[in-house]
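Please look over the sequence and the model shown here before reading on. The briefing that follows is meant to be read beside them.

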Amino acid sequence: GQSPSLVFAISLDLVWDEFHLHCAIYRALYNMNVVKKLKTKSLPAEVLYQLASTGKINEAIKQFCLKENTQALAVISLSPDSSDPSFDQLCERIASLPQAPDSLVENVVELPLSEIHCALGTSDKRSTISKVFKLSSIECGAQDFSSVISMRLALKD
């Protein structure tokens, strides 16, 4: 039979934009389906690992798991048959997560992925991500910051 859909939540606090998120998801799926080997024990953990600047799995999970001070989250739904759950179903699943901060659950709004970096304040976020990724001053000032992040992720492995 078909595998059930896999739904999990991640913090967007260190995700620059939708391309950053897509790169991590596609890399995780590629490792699972083509390479047939994950660097972690599960697909959700693999996505977190692929999002992070570090090659350390525990550190990557700490950076992108939900915390009490998480500003925004994404709910990732990977369905083998392309039947994604509805927004209301996802909200119910978020509310049932033991680690979901109450403040996030109460203030859930549907937002297109293209709005990720706009919604979270780009100047503060750029500075925070630059520190976490240990970017040089040239990389920090790059006009196409998304390319800097994706290049760092591509070169990690």
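This is a predicted model: local features need pLDDT of at least 70, side-chain atom pairs count only at pLDDT 80 or more; totals for chains, interfaces and linings use all residues.

Residues are numbered from 1 along each chain as its sequence is written, and side-chain values use heavy atoms, with hydrogens and water left out.

**Overall make-up**

- The protein has nine helices and two strands, which are DSSP runs numbered from the N terminus (helices: H or I, at least four residues; strands: E, at least two).
- Read from the N terminus, the order of the elements is β-α-α-α-β-α-α-α-α-α-α.
- Of the 157 residues, 36% are buried, where buried means under 20% relative accessible area, exposed means over 50%, and partly exposed lies in between (1.4 Å probe, protein chains only).
- Of the contacts (heavy atoms within 4.5 Å) between residues at least 6 apart in sequence, 63% join residues at least 24 apart.

**Nonpolar core**

- The largest nonpolar core holds 29 residues, and those with the most contacts inside it are Ile-10, Leu-21, Leu-51, Phe-64, Ile-76, Ile-129 and Ile-149.
- Two or more residues of this core come from each of strand E1 (6-11), H1, H2, helix H3 (57-64), strand E2 (73-78) and H9, with H2 giving the largest share, five residues.
- A nonpolar core is here a set of buried Ala, Val, Leu, Ile, Met, Phe, Trp, Tyr and Cys residues joined through side-chain atoms within 4.5 Å.
- Leaving aside neighbours within four places in sequence, Ile-129 is in contact with Leu-14, Val-15, Trp-16, Phe-145 and Ile-149.

**Helix H9**

- Helix H9 (residues 145-156) has twelve residues and should span 16 Å at 1.5 Å a residue, which agrees with the 17 Å between its end C-alpha atoms; the expected span is 1.5 Å times one less than the number of residues.
- The buried residues of H9 include Phe-145, Val-148, Ile-149 and Leu-153, and also Ser-146, Ser-150 and Lys-156.

**Two loop residues with positive phi**

- Most residues other than glycine have a negative phi.
- Lys-36, in the loop between helix H1 (18-35) and helix H2 (43-51), has a positive phi near 65° and is exposed, with a relative accessible area of 65%.
- Lys-134, in the loop between helix H7 (122-132) and helix H8 (137-140), has a positive phi of about 55° and counts as exposed at 67% relative accessibility.
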